[in-house]
Amino acid sequence: MKQETLTITDNRTGQSYVVPVERGTIRAMDLRQIKASAGDFGLMTYDPAFLNTASCRSSVTFIDGERGILRYRGYPIEALAEHCTFLEVAYLLLFGELPEERQLENWVSEITHHTMLHENTKKFMEGFRHDAHPMGMLVSTVAALSTIYPEAKAIHDADNRLLQIKRLIGKVPSIAAMSYRHSLGFPYVYPDNDLSYAENFLNMLWKMVEPKYVANPVLARALDILFILHADHEQNCSTNTMRSVGSAQTDPYLATAAAAAALAGPLHGGANEQVLTMLDEIGSKDNVPAYVKKIKEGHGKLMGFGHRVYKNYDPRAKIIKWTAEQVFEVTGRNRKLDTALELERIALQDDYFVTRKLYPNVDFYSGIIYQAMGFSPEMFTVLFAIPRTTGWLAQWQEMLLDPEQKSARPRQVYTGEDTRQFVPIEQRVPAVVKT
Ligand SMILES: CC(C)(COP(=O)(O)OP(=O)(O)OC[C@H]1O[C@@H](n2cnc3c(N)ncnc32)[C@H](O)[C@@H]1OP(=O)(O)O)[C@@H](O)C(=O)NCCC(=O)NCCS
């Protein structure tokens with residue numbers, strides 16, 4: 001009979017060990033029994049950047065990178081993007097099931113009633129420099145909410161936790177919009193409770209002197225779809241940060257701010273901005289073959305192509321491409337789309353990209369849509385942070401309720417000096433500083 005175990009032979013001692021295999025995984029702690037001598041600490045694994053380490057069990061999001069599959073709580077992303085609103089998907093991510101009509105109505109109403117910011121928060125934001133980057137403002141202001149809601153520290157109280165979750169999902173778009181208005185020198189716009197989540201966000205961004213802002217329904221729906229696609233993506237860098245900071249029982253505002261800080265890095269949230277720069281550099285679709293040749297010769301990378309996990313077409317990129325067409329019917333065609341389509345067509349036929357399994361990722365088309373909708377590149381990561389807040393919170397809650405989780409604390413392989421004799425200052429030679 002097939003056994004779900006792994007036999008390990010330690011060639012240092014000749015001893016064999018049998019460890020259980022569960023869901024294609026062995027427990028790293030099972031290796032600790034493997035010792036070269038009695039005083040040995042025991043075997044560890046070395047895995048910089050967690051390339052092959054599962055840090056948790058999770059039932060939130062499933063990705064099969066080889067086959068290009070993404071599911072939230074078992075539902076394919078394509079079905080959710082086609083049939084749901086973002087808040088419906090947020091409910092699914094947080095509570096594990098799609099809401100029925102009444103539950104959705106209550107949920108939407110509750111989130112809507114948490115969109116207002118305390119006037120002190122507004123004053124806090126007014127203190128930023130006139131040209132402050134909106135992502136820096138978002139990270140700092142989300143952290144500052146921890147001072148407005150000190151009761152959020154009671155993370156083991158389920159009702160209290162839920163209240164903070166609703167506040168964060170409600171308030172992050174308000175902070176995001178205020179950050180943007182601040183960078184333009186425009187007065188802040190208060191939320192409008194008659195509007196949907198995406199419409200209200202557009203209202204807080206774009207409303208000028210008109211008494212009531214009316215969002216274009218195609219653009220509002222496109223934004224809602226983009227929010228759905230960005231809501232969660234299992235254990236990526238920012239989600240890992242959320243879980244790691246949250247594991248110290250930090251309150252959810254501070255943990256969310258830390259996660260957003262991770263997202264602010266160009267290797268995580270910023271690739272779509274680089275796609276636009278690349279498309280500008282290419283100029284027109286006629287220049288695509290020469291550009292691709294340059295990439296293949298080792299001069300740079302095709303931005304928006306390739307993914308650490310997806311070795312197939314990123315399912316989100318397909319939906320975004322379709323959404324882009326809808327958006328351009330309203331905004332007029334962004335000329336960059338023609339260059340992007342040609343780039344995709346040529347790359348997908350080219351052996352270099354095919355053998356390396358390099359396909360368009362979520363960032364390939366999202367920047368083009370955001371630009372067509374009127375967003376400046378500094379806002380792109382902020383637009384990502386709004387829906388991802390829900391994913392972070394779903395994962396944070398799952399981590400808190402998981403009895404196996406503790407304060408996250410990896411091990412290290414120490415490579416520094418052995419014990420050294422202390423040298424008094426007058427006997428030291430000038431230090432050669434290592435950077
Ligand atoms: C996302 C990314 C970091 C994933 O990297 P990875 O899985 O670690 O893959 P690797 O860097 O090991 O690349 C494997 C091979 O494909 C090549 N490659 C990877 N992405 C490439 C790209 N976008 N353009 C051209 N070549 C690429 C690498 O040079 C490498 O080639 P080699 O085997 O000849 O050395 C990488 O594809 C990338 O930098 N893409 C562009 C930036 C981007 O779009 N980021 C957003 C991600 S959502």
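K301 puts a polar side-chain atom 3.3 Å from an oxygen atom of the ligand, which counts as a polar contact (a pair of N or O atoms within 3.5 Å). This is a predicted model, where local features need pLDDT of at least 70 and side-chain atom pairs count only at pLDDT 80 or more, while totals for chains, interfaces and linings use all residues. Residues are numbered from 1 along each chain as its sequence is written, and side-chain values use heavy atoms, with hydrogens and water left out.

- The ligand is surrounded by 16 residues, the closest being L302, G304, F305, R356 and N361; to be near, a residue needs a heavy atom within 4 Å.
- That shell splits into 7 nonpolar, 4 polar and 5 charged residues (Ala, Val, Leu, Ile, Met, Phe, Trp, Tyr, Cys and Pro are nonpolar; Asp, Glu, Lys and Arg charged; the others, Gly among them, polar).

**Cavity**
- There is 1 cavity of 30 Å³ or more, and the largest cavity has a volume of about 40 Å³.
- A cavity here is a set of points on a 1 Å grid over the protein atoms alone where a 1.4 Å probe fits but cannot get out, and lining residues have an atom within 4 Å of a point.
- Its lining is L138, V142, V172, T256, A257, A260, A385, T389 and W392, with α5 (134–148), α10 (252–263) and α17 (380–401) each giving two or more residues.
- By class, the lining of the largest cavity holds 7 nonpolar, 2 polar and no charged residues.

**Second largest pocket**
- This one has a volume of about 160 Å³; a pocket is an open set with protein on both sides within 12 Å along at least five of seven lines.
- Lining residues include F86, Y197, R221 and D224, and α8 supplies the largest share, 3 residues.

**M29**
- M29 sits in the loop between β2 (15–20) and β3 (61–64); strands are DSSP E runs of at least two residues, and helices are H or I runs of at least four.
- With a relative accessible area of 57%, M29 is exposed (over 50%).
- M29 and M44 are 15 residues apart in sequence and 7.9 Å apart in space, C-alpha to C-alpha.

Technical notes: Polar contact = N/O pair within 3.5 Å; in protein donor to acceptor, adjacent residues only side chain to side chain. Buried < 20%, exposed > 50% of the residue type's maximum accessible area, 1.4 Å probe, protein only. Points joined across faces, edges and corners; volume = space filled by probe spheres on them.
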